[in-house]
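Visitor: I would like to know what stands behind the labels used for this model. Please take me through them one by one.

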Amino acid sequence: MSTPIAKTDTVDFYHGREIRDPYRWLEESTHPDTEAWADNQNQKTRTYFDSLTVRNTIQKKLAGRWNAVKFFTPEKVNGEYFYQKNNGLQNQPVLYRSHNLSDSTPDKVIDPNEINPEGTTALTALSFSGKGSWLAYALSENGSDWQTIRIRNLETGKDLPEIIRWAKFTDIAWTENETGFYYSRYPEPGTVPEEDGSNYNRLYFHRLNTPQSEDRLIHERPDDKELSFSATFTDDHRHLILQSWKGTENKSRLYYREATSDGDFLPLAPDGDGYYSFLGNSEGRFILYTTAGAPNGRIISVDPEHPEKEHWQEIIPEQENVLYFPKLAGNHLIAAYMEHAWHRVELYRTDGTHVRRLDLPEMISVSNIQVSKKEGEVLIGYTSYLTPTTIARYTIESDELVTVLVPEGGLDPDLYTTRQVFYPSTDGTQIPMFITSRKDLSPDGSHPVLLYGYGGFNISMTPAFNASNAMFIEDGGIYAVANIRGGGEYGEDWHQGGTFGNKPQVFDDFISAAEWLIAEKWTKPEKIAIMGGSNGGLLVAACLNRRPELYGAVICQVPVTDMLRYHKFTVGRFLTSEFGHPEENEEDFRNIIAYSPLHNIKEREHPPVLITTADTDDRVVPLHAMKYAAAMQEAQKGDAPILLRIEKDAGHGLGKPVSKIIDEHADIYSFLYIQLNMIQ
């Protein structure tokens with residue numbers, strides 16, 4: 001049991017109920033007392049890991065595992081291929097250009113490792129002008145969600161002097177004549193009230209060779225500041241399409257206007273009755289993807305002269321499986337479908353006629369699809385639990401599918417396998433789960449298991465390769481991923497089944513996965529670890545509160561734990577569309593207080609817990625992990641460690657350098673190997 005730290009008498013009242021918050025002072029991140037406490041926590045954690053003789057061995061094995069060539073899906077621009085590649089242990093991938101993908105000496109375009117030798121500057125977005133003259137690229141520092149946009153002349157390799165600031169995850173829409181682009185950003189700090197600084201998104205136009213201060217405001221909604229915006233042009237550049245959405249809800253609205261107009265945007269799909277995205281235009285009609293009236297997604301076409309719903313035409317109707325990654329390719333549509341949490345890719349004509357299924361492996365995730373519409377060339381990135389991202393090229397006219405970029409460092413399919421099983425949750429619903437292990441393992445109850453989950457925000461846990469998990473599997477571990485509710489594996493209904501008052505069902509789904517693995521003799525409680533990050537950190541913390549005896553170790557990464565105050569920090573208020581608002585709605589409060597990890601900790605014997613966060617995380621701020629760690633350490637009645645690891649100069653995970661990943665994973669996996677008794 002850890003020595004108790006200072007507590008205050010802070011009390012809040014929610015709908016007549018008194019809630020104590022003794023570690024409120026840890027929210028003041030720059031206060032000397034908070035900084036001293038955090039430094040002390042890090043020192044204790046570092047001392048623990050430095051004492052583990054296995055850690056150096058694991059770090060060397062991880063470095064070997066990560067030292068393999070990795071590719072990102074190329075984009076074809078004006079006859080040239082642009083793609084990112086990491087040669088192995090580079091902190092950040094490098095952007096290259098070549099005339100063909102078999103070129104062994106492509107031209108280097110941008111190397112973030114040269115921009116910042118520390119490796120904490122990441123290339124987070126790319127947008128090429130239509131003729132391929134210019135590249136707008138975004139950089140993130142220290143894992144921050146904030147992005148800085150620079151503009152590079154691709155002929156000279158030189159950047160323009162202007163710098164675009166205060167953007168986050170913005171799309172960039174270049175004009176046809178390449179004189180500028182539309183983008184969205186937030187207000188410059190100090191120009192608006194503090195609460196609007198990272199929550200008031202507006203659409204701007206930037207003209208090349210002018211300072212950002214001269215950028216023209218195109219669209220805003222001061223009456224609804226939680227709306228975000230993006231813009232894109234139709235393929236013929238006749239119209240500018242505006243998309244808007246609120247927070248993290250899986251709904252959006254579309255508007256449009258003539259590209260040369262400065263007038264108001266006209267309604268295209270303005271009702272907010274589902275998610276809408278613009279795919280392109282064909283024969284004078286807009287091609288849209290939507291979940292409106294179709295939770296699994298469908299493709300429709302809209303006449304811009306008659307955009308009313310009664311004139312909409314359905315191209316590809318909703319199917320039993322979830323439509324994912326639809327792309328328009330000339331007079332064809334490429335559509336990935338999610339079938340029991342893995343992807344297959346189908347080709348259709350724009351009249352809805354099915355052409356064929358592409359001959360890709362089973363049990364994969366499509367990570368990206370890039371389409372060269374003029375040439376009918378499709379580049380597909382896909383991955384599995386055994387194989388890093390592989391790039392395939394499909395040419396529509398010749399109906400030819402070939403693999404063009406092959407990664408290194410996968411697991412041998414002759415020795416390792418991924419199984420998919422279905423297990424019952426508490427309400428009888430069958431939940432899919434992927435289990436990856438050596439082929440020769442038998443269910444004798446002795447195997448260490450790492451069970452991973454997320455369960456929120458319509459995010460699907462589809463197959464993906466991870467070098468650190470590959471090491472764990474090679475050493476005899478079983479890596480299991482449960483496709484619990486709250487994700488998007490079975491469409492919007494599956495997502496909504498894990499939101500608001502349904503959130504406890506997510507925890508039941510995950511606990512049921514652990515129980516199934518034990519009942520089926522794959523493992524036993526002392527040999528099973530659970531891990532999750534962000535919303536997944538909330539998941540494992542809540543499951544730990546409910547069933548501490550079920551796990552041998554818990555890895556709680558960048559978690560959301562204070563569910564009564566999450567909406568008060570950075571982008572937290574955007575999450576109310578998933579969790580509810582505990583202050584404004586009494587029912588939301590009663591739902592949340594029943595599972596909020598920070599408020600449901602009991603004094604008892606807990607299994608070993610490693611909590612991770614980062615000092616510059618501006619998505620889920622470190623106070624969640626810090627308050628949770630303080631409360632857990634006070635409540636621990638056993639001898640198992642409750643550790644807090646605070647990464648310096650890092651954020652929520654965006655653009656984390658490989659060196660930091662290896663260092664963090666050396667801690668995480670040495671913790672797992674010790675607690676699950678994997679050391680011989």
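The talk below sets values against definitions.

Guide: This is a predicted model, in which local features need pLDDT of at least 70, side-chain atom pairs count only at pLDDT 80 or more, and totals for chains, interfaces and linings use all residues. Residues are numbered from 1 along each chain as its sequence is written, and side-chain values use heavy atoms, with hydrogens and water left out.

Visitor: How many helices and strands does the protein chain have, and what makes a helix or a strand here?

Guide: The protein chain has 11 helices and 39 strands.

Visitor: How do you know whether the radius of gyration of the protein chain agrees with a compact globule?

Guide: The rule is 2.2 Å times the number of residues to the power 0.38, and the radius is taken over C-alpha atoms. For 680 residues a compact globule would come near 26 Å; the protein chain has 25 Å, so the two agree. Along the principal axes, the C-alpha atoms fill a box of roughly 70 × 60 × 50 Å.

Visitor: Why is Thr 120 called buried?

Guide: Buried means under 20% relative accessible area, exposed over 50%, and partly exposed in between, with a 1.4 Å probe and protein chains only. Thr 120 has 8%, so it is buried. Of the 680 residues, 60% count as buried. Thr 120 lies in the loop between helix 3 (112-115) and strand 8 (121-128).

Visitor: What makes the pair Thr 120 and Asn 116 a polar contact?

Guide: A polar contact is a pair of N or O atoms within 3.5 Å; within protein, one must be able to donate a hydrogen and the other to accept it, and residues adjacent in sequence count only if both atoms are side-chain atoms. The side chains of Thr 120 and Asn 116 are joined at 3.0 Å.

Visitor: Which residues does Thr 120 touch, not counting those up to four places away in sequence?

Guide: Contact means heavy atoms within 4.5 Å. Among the residues that Thr 120 touches are Ser 140, Asp 649 and Lys 660. Across the protein chain, residues 24 or more positions apart make up 56% of the contacts with a separation of 6 or more.

Visitor: What is the phi of His 237, and what sets it apart?

Guide: Phi of His 237 is near 60°, a positive value in a residue other than glycine. Most residues other than glycine have a negative phi. His 237 sits in the loop between strand 16 (227-233) and strand 17 (239-246). At 22% relative accessibility, His 237 is partly exposed. Ala 259 touches His 237, among others.

Visitor: Is Ser 534 buried or exposed?

Guide: Its relative accessible area is 13%, so Ser 534 is buried. Ser 534 also has a positive phi, about 65°, although it is not a glycine. Its loop runs between strand 36 (528-533) and helix 7 (535-546).

Visitor: What about His 624: buried or exposed?

Guide: His 624 has 3% relative accessibility, so it counts as buried. His 624 belongs to helix 10 (residues 623-635).

Definitions and conventions:
Helix = DSSP H or I, 4+ residues; strand = E, 2+ residues; numbered from the N terminus.
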